[in-house]
Amino acid sequence: METIPQIGQNLRLARRKSYPDDTLEDFALRIGVSRATLQRMEKGDLSVSLGKYFQAATLLGLDAPFHTLLKPKQSLFDD
């Protein structure tokens, strides 16, 4: 299950790029979580709710792909 840790790494990179002067505490405050929760998110911790990741993605302008999560693929035979 390497996807979740990769999401955490992506979050860390996006945070640093978009808010380079923010400390962990500063960015955590922006998304309404504790510093410890943000650290867990950046490690890809599955105990953190998807809603928290969505809050971070929204702040970073990266929330567009969320509507496609778990969307079944359509085949040529689907209506």
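1. The outward face of helix 1. In this predicted model, the side of helix 1 turned away from its buried face carries the exposed residues Thr 3, Leu 13, Arg 16 and Lys 17. A leucine, Leu 13, is therefore listed here together with Arg 16 and Lys 17, since exposed means over 50% relative accessible area.

2. The buried face of helix 1. Which residues of helix 1 are buried? They are Gly 8, Leu 11, Ala 14 and Arg 15. These residues lie on the same side of helix 1, because the arc they cover around the axis is only 130°. An arginine, Arg 15, belongs to this buried set, whereas Arg 16 is among the exposed residues of the opposite face.

3. What covers helix 1. The cover over the buried residues of helix 1 includes helix 2 (24-31), helix 3 (35-42) and helix 4 (50-59).

4. The length of helix 1. Helix 1 runs over residues 3-18, which makes 16 residues. At 1.5 Å a residue the helix should span 22 Å, and its end C-alpha atoms are 22 Å apart, so expectation and model agree.

5. The buried face of helix 3. Helix 3 has its own buried residues, namely Thr 37, Leu 38, Met 41 and Glu 42. They are placed on the same side of helix 3 because they cover an arc of only 140° around the axis. The partners against which these buried residues pack are helix 1, helix 2 and helix 4.

6. The end of helix 3. Just after this helix, Gly 44 adopts a positive phi of about 80°.

7. The chain as a whole. The secondary structure consists of four helices and zero strands, and the order along the sequence is α-α-α-α. Of the contacts between residues at least 6 apart in sequence, 46% join residues at least 24 apart.

8. Overall dimensions. How does the radius of gyration of the chain stand against that of a compact globule of 79 residues? The globule would have a value near 12 Å, but the chain has 14 Å. The C-alpha trace spans about 50 × 25 × 20 Å along its principal axes.

9. Burial and surface. Of the 79 residues in the chain, 25% are buried. The accessible surface comes to about 5,900 Å², with 57% of this belonging to carbon and sulfur atoms.

Terms used
Residues are numbered from 1 along each chain as its sequence is written. This is a predicted model: local features need pLDDT of at least 70, side-chain atom pairs count only at pLDDT 80 or more; totals for chains, interfaces and linings use all residues. Side-chain values use heavy atoms; hydrogens and water are left out. Helices (H or I, at least four residues) and strands (E, at least two) are DSSP runs, numbered from the N terminus. The expected span of a helix is 1.5 Å times one less than its number of residues. Buried means under 20% relative accessible area, exposed over 50%, partly exposed in between (1.4 Å probe, protein chains only). The arc is that of the directions from the helix axis to the C-beta atoms. Contact means heavy atoms within 4.5 Å. The radius of gyration is taken over C-alpha atoms; the globule rule is 2.2 Å times the number of residues to the power 0.38. Accessible areas come from the Shrake-Rupley method with a 1.4 Å probe; for residues, only the protein chains shown count as cover.
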